[in-house]
Amino acid sequence: MNHTNLPHLALSVRQPSAWAIIHGGKDIENRSIGSVRAGRMAPGRICIHAAVGLTQKEWHYLVYRFGEIGSVVPPAASLVRRAIIGTVDVVDIVSADETDSFWMSRSDPSMRGLVLRDPEPVEPIPAAGALGYFEWEESGFLAEPLAWMHDDATEDLFGEGLPVFKDPPSRPW
């Protein structure tokens with residue numbers, strides 16, 4: 001596969017947020033100001049890497065949050081992990097008082113939002129992730145779904161349309 005036309009820098013994002021950046025209209029990716037500085041994050045075109053890590057609590061919380069704006073996330077077992085899944089333009093880095101985006105975290109004043117535009121999906125390219133912006137290279141294999149991702153209770157969230165939660169999930173971080 002020829003990847004010469006893809007940016008050499010990537011940002012690793014846990015699912016389903018990586019999916020939402022490329023396919024679901026997520027226009028802000030949150031990072032602490034320390035992470036922005038340490039990761040040398042700056043505006044420009046980057047690849048979005050779907051991280052291998054994903055807990056059931058994280059997934060339930062994010063599916064719930066996405067459902068608040070009518071976004072239906074694919075079942076966890078179908079989400080690609082440990083791969084480059086698309087590209088996006090980072091056009092700015094803002095604080096919470098500089099944006100009204102639903103996706104901006106307002107729980108911590110040290111949070112910054114990478115403002116994202118023009119997402120383009122690519123066929124998944126297996127690659128290991130890293131913190132901050134990192135130079136990626138094709139390697140290994142896509143991550144296999146975890147056992148909990150096939151759990152009937154997880155699949156039952158979806159039925160037809162938006163997921164249904166008896167009680168709103170608590171924020172896992």
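**Cores, a strand pair and a pocket**

The largest nonpolar core of this predicted model comprises 20 residues, and I28, W59, F66, V73 and W148 have the most contacts inside it. A nonpolar core is here a set of buried Ala, Val, Leu, Ile, Met, Phe, Trp, Tyr and Cys residues joined through side-chain atoms within 4.5 Å; buried means under 20% relative accessible area, exposed over 50%, and partly exposed in between, with a 1.4 Å probe and protein chains only. At least two residues of this core are supplied by each of α1 (17-23), α3 and β5 (111-126), where helices (H or I, at least four residues) and strands (E, at least two) are DSSP runs numbered from the N terminus. Helix α3 provides the largest share, five residues. A second, separate core of 17 residues includes V13, A50, V88 and L116. In soluble globular proteins, nonpolar side chains tend to be buried together.

The model is predicted, so local features need pLDDT of at least 70 and side-chain atom pairs count only at pLDDT 80 or more, whereas totals for chains, interfaces and linings use all residues. Residues are numbered from 1 along each chain as its sequence is written, and side-chain values use heavy atoms, with hydrogens and water left out.

Strand β2 (residues 28-32) is mostly covered, with four of its five residues buried. It runs antiparallel to β5, and five bridges join the two; strands pair if DSSP finds at least two bridges between them. Within β5, V115 is the bridge partner of I28.

On a 1 Å grid over the protein atoms alone, a pocket is an open set of points where a 1.4 Å probe fits, with protein on both sides within 12 Å along at least five of seven lines; lining residues have an atom within 4 Å of a point. Of the 36 lining residues, R14, E29, N30, R31 and W173 are the closest to the pocket centre. Two or more lining residues come from each of β1 (9-13), β2 and α3, and α3 gives the most, with five.

Helix α3 (residues 56-67) also holds L62, which counts as buried because its relative accessibility is 11%. Beyond four places in sequence, L62 touches Q15, P16, S17 and W173, contact meaning heavy atoms within 4.5 Å.
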